[in-house]
Amino acid sequence: KKNDQKWSKKNVVKQQELEIRLDNKNILFKTAKIEFLVDIQESNDLKELYVFYYLNKNCKIDFKILG
């Protein structure tokens, strides 16, 4: 089971979210806005934050193509 407990929340003005809804389940991941990949290297949870970053980026590209 994955969570965002170790991810940076230091920048509350700019943040990124990924919400996943499946059947009756609702999962929300939040982190401070990732401006550059070097921002991830400061995290305590590198692997999971990289997955979040690229998944979020791919979703944005897919929605642009569909929109």
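Predicted model: local features only at pLDDT ≥ 70, side-chain atom pairs only at ≥ 80, totals over all residues.
Which pattern does the protein follow when read along the sequence? I read β-β-α-α. I noted two strands and two helices.

Residues are numbered from 1 along each chain as its sequence is written, and side-chain values use heavy atoms, with hydrogens and water left out.

**Surface and contacts**

I looked up the accessible surface and found about 5700 Å², with 54% of it belonging to carbon and sulfur atoms. Such areas come from the Shrake-Rupley method with a 1.4 Å probe, and for residues only the protein chains shown count as cover. Of the 67 residues, 22% count as buried. Buried means under 20% relative accessible area, exposed over 50%, and partly exposed in between (1.4 Å probe, protein chains only).

I then turned to contacts, meaning heavy atoms within 4.5 Å. Among contacts with a separation of 6 or more, 35% come from residues 24 or more positions apart.

**Salt bridges**

How many salt bridges does a search of the whole structure find? I found two. The term stands for a side-chain nitrogen of Lys or Arg within 4 Å of a carboxyl oxygen of Asp or Glu.

I looked at Lys30 and Glu17, whose side chains meet at 3.8 Å, N to O. This pair links distant parts of the chain, 13 residues apart: Lys30 sits in strand β2 (residues 25–32) and Glu17 in strand β1 (residues 15–22). Lys30 counts as partly exposed because its relative accessibility is 29%. Glu17 has 40%, so it is partly exposed.

I also looked at Arg21 and Glu19, which form a salt bridge at 3.2 Å, N to O. Arg21 is exposed, at 66% relative accessible area, whereas Glu19 is partly exposed, at 41%.

**Positive patch**

Which residues gather in a patch of positive charge on the surface? I listed Lys14, Lys33, Lys57 and Lys60. A patch is made of residues with over 30% relative accessible area and no salt bridge, with like charges joined within 9 Å. Lys and Arg count as positive, Asp and Glu as negative, while His and the chain ends are not counted. The place of a Lys charge is taken as NZ.

I checked Lys57 and found it in helix α2 (residues 46–66). Lys57 counts as partly exposed because its relative accessibility is 41%.

Terms used: Patch = residues over 30% accessible without salt bridge, like charges linked within 9 Å, V, L, I, M, F, W, Y side chains within 5 Å. Helix = DSSP H or I, 4+ residues; strand = E, 2+ residues; numbered from the N terminus.
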